[in-house]
Amino acid sequence: YRDTRREFFANISHELRTPITYLEGYAKVVKNRLYTTEEEKDRYLDIIYQEGVRIQHLVDDLFELAKMEEGKVSLSMEWVDLKDVVNQAVQKVSLKAKEKGLELIVHFSEDIPLIRADGKRMEQIILNLLENAIRYTENGHIDVHLHCTSSTLSLSIKDTGIGIPEDELPYIFDRFYRIEKSRSRTTGGTGLGLSIVKKLVELQGGSIEVSSTRDIGTCFTVQFVLPTMQEE
């Protein structure tokens, strides 16, 4: 437990150190008027703002993850139509996809049943996976499939992005783990998103898997077991 906690705080310190360094450095530049044009000043102020937002996202994600690990997250379970949730999430990210020239394609099989879930948390899961797909895809498309069998309901989000090296796949749901570490600051993210997604899926009785091929794409699949007639 001590080793885990020590590692956790070391990771937090590392993640906070970089944006704080940027904030201090560029705030000092602006304060001491070490710029030659207003455009240069605005660029420095923009960096300060972006790093402030980065810290806020990190803190928000840390609180979210801590609440889940302590079992303090309350779910509002209800009968949810995942088609509606998927459509809402796709609509919200459509502008980001359009800006990168990516096509979002949604596939629904017929007769998708309602499931017991927290609608807002399900949207959070889907949004996170879609935003990741857009972030790491430069060309092509993102396919969202929602289909069911007699016993399971599956949601998959597949992109044509950079992919994940095979030896890194076992670690992508770990806290603070990032693929493309050298590009992490340009692509964004806190390194906690997939950890939160996995916990939210499991809290609602589901499972999540990932498959990926480098330079071809990645597919995340979330699966829920449908209740039997007797359970209903």
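A salt bridge is taken here as a side-chain nitrogen of Lys or Arg within 4 Å of a carboxyl oxygen of Asp or Glu. The model is predicted, so local features need pLDDT of at least 70 and side-chain atom pairs count only at pLDDT 80 or more, while totals for chains, interfaces and linings use all residues. Residues are numbered from 1 along each chain as its sequence is written, and side-chain values use heavy atoms, with hydrogens and water left out.

**Exercise 1.** Determine which residue pairs with Glu-123 in a salt bridge, and where the two partners lie.

*Solution.* Step 1: the partner is Lys-92, with the closest N and O atoms 3.0 Å apart. Step 2: Glu-123 belongs to helix H4 (residues 119–135) and Lys-92 to helix H3 (residues 82–99), so the pair ties together parts 31 residues apart in sequence; helices are DSSP runs of H or I, at least four residues, numbered from the N terminus. Step 3: Glu-123 is buried at 12% relative accessible area, whereas Lys-92 is exposed at 53%. Buried denotes under 20%, exposed over 50%, and partly exposed the range in between (1.4 Å probe, protein chains only).

**Exercise 2.** Characterise the salt bridge between Arg-54 and Glu-51.

*Solution.* Step 1: the closest N and O atoms are 3.3 Å apart. Step 2: both residues lie in helix H2 (residues 38–69), separated by three residues, about one turn of the helix. Step 3: Arg-54 is partly exposed at 22%, and Glu-51 is buried at 5%.

Technical notes:
Helix = DSSP H or I, 4+ residues; strand = E, 2+ residues; numbered from the N terminus.
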